[in-house]
Amino acid sequence: MTEAADRILLNAEVHTLTDPDEVADGVAIRDGRIVRIDRAYELDFLAGTETEIIDLDGSIVLPGFIDAHTHLNMVGRRLVHADLADANGPVDCLSLLTESARESGWILGYGYDESEWDDARYLTREDLDEVSTDRPVAAFREDLHVASLNSVALDQFLDAMPDEDVLAAGGEPTGVVVESALDVIFEATEPDAAEMRDLLTAAQRHANARGVTGVHDMVRNSTAPEVFRDLDLENELTLRVRLNYWSDHLDAAVETGLRTNHGSAMVETGAIKSYTDGSFGGRTAKLSTPYADADTTGQWVVTPEELDTVVGIADRAGFQACAHAIGDEAITAVLDAYEEQTADPEAARHRVEHAELLTDEHIERFAELGVVASVQPNFLRWADESGLYDARLGEQRRRQSNRYADLLDAGVPLAFGSDCMPLDPLFGIHHAVNAPDPTQRISVTDALRAYTAGAAYAGFAEDRRGTIEKGKQADLVVLDRSPWEHADAIEDIDVTMTLVGGEVVYDGR
């Protein structure tokens, strides 16, 4: 006798996203796993007296989205402090910061993007002094590679910052700091475990509401790993979390016996994470030729020699490695380190995070080395004509950025993430499908796979999730409309339900 399902999703358009993609009427779930994908009449045989039947009224069912590059505590901070993402200029930012100020301590804002303002400049100390002259104020740019500080914060922390990372005019600090100088502010504003729990639970709700069932979270000098594991033990975690530890933690990770893929069904150890360069927005991404709007080629945040050492130690200790690299010079440095320091490239599955300014040679090397391109399609919002990348890179290089079609054509493993700018897979998928240049533009199916099967592969989880197949974990997302039928408006599609391990963790019907 066939054992009944715990839950059956019916009257749906279920896309397995296997190769080829197959379509069914519904899916049956038992003990957190998929037991059948079939036509409605076949699923009726799995309905018992206690089976929950959910009629989806023709909605689209996909594998749950896996965001391959997040900073969840930063999502939480934007939900708790001032969210500056939609500010239309400096005055709007100051108003939002003032409104969000708590009774004491730091006044914080996250996510401003001056490239979309009429007055396209960074916030300055003079701006932020209007928010407060007796409390420290910090406003972080969208990319988290640039921050703006008021005079109180500058006076308190300037001596601890590298001179080269403090921007000045006429010999005086402007209040704008970049790269390593931000570490000082991050350390000063780091939440304790209680506050971190509030931030992560808020971010978790936000992620589930956008169809996210798993994240690869980048963690550094933070209580986040402890909080994630506590939430797991208390059965309060509704996201599968893969912890990519900053290279600062490499020695400790080795000493404590952590290894890539160790952990529970909900929290596991991922890669060792490093930087190489900065960002286009801060003009700190490392380029082979100068920026179009400044006489600089960017900077090394971590030198190639330092990166080479980190990759070697990580690889020998059994860790996957992932390295932030945006500019073409930085990407070359990462690929060199992987080629020189990796004992078994196929098994290692090392990753390059962002990989924005790729050359043909880079793409060939990605394919040869089996390196995963862990990229952020939402960055294409800046790749339009007259956008940020046009200003920073010029027309030719901005068209050569984020070459997803070329990567797929070369057989490079492609994983999508958001970098929380914003954390919203459908927003990113929309931009990948509707990208400005053919080398960037990919099909709806390929874009969905990069946010599901591709991200699962980047986390060694392709046998457990990423497609809808019998035996896999029932991590699913339900959409109100078809992204294939509304390819020009995917960002406007709503998530109506999210399931993790067969349990409904978000219901927006």
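Student: How many bridges join S1 to strand S4?

Tutor: This is a predicted model. Strand S4 covers residues 26–30, and S1 and S4 run antiparallel. Within S4, Ile 29 is the bridge partner of Arg 7. The number of bridges joining S1 to S4 is 3.

Student: Are the residues of strand S1 buried or exposed?

Tutor: S1 consists of residues 7–10. Arg 7 and Leu 9 point one way from the strand, while Ile 8 and Leu 10 point the other way.

Student: How is helix H7 oriented relative to H8?

Tutor: Helix H7 is residues 193–208 and helix H8 is residues 224–233. They pack with their axes 9 Å apart, at an angle of about 65°. Angles of 65 to 115 degrees count as roughly perpendicular, so H7 is, relative to H8, roughly perpendicular.

Student: How many residues of the contact of H7 with H8 are charged?

Tutor: On the H7 side, the residues include Met 196, Arg 197 and Leu 200; on the H8 side, they include Glu 226, Phe 228 and Asp 230. The contact has 7 nonpolar residues and 1 polar residue, and the number of charged ones is 3.

Student: What is the handedness of the crossing of H7 and H8?

Tutor: Two packed helices are described by the angle between their axes and the distance between the axes. For H7 and H8, the handedness of the crossing is right-handed.

Technical notes. Residues numbered from 1 in each chain as written. Predicted model: local features only at pLDDT ≥ 70, side-chain atom pairs only at ≥ 80, totals over all residues. Heavy atoms only, no water. Buried < 20%, exposed > 50% of the residue type's maximum accessible area, 1.4 Å probe, protein only. Helix = DSSP H or I, 4+ residues; strand = E, 2+ residues; numbered from the N terminus. Pairing = 2+ DSSP bridges. Axes fitted to C-alpha atoms, helices over the stretch in contact; angles between N-to-C directions. Parallel < 35°, antiparallel > 145°, perpendicular 65-115°, else oblique. Left-handed = near helix turned anticlockwise from the far one by under 90°. Contact = heavy atoms within 4.5 Å. Nonpolar A, V, L, I, M, F, W, Y, C, P; charged D, E, K, R; others polar.
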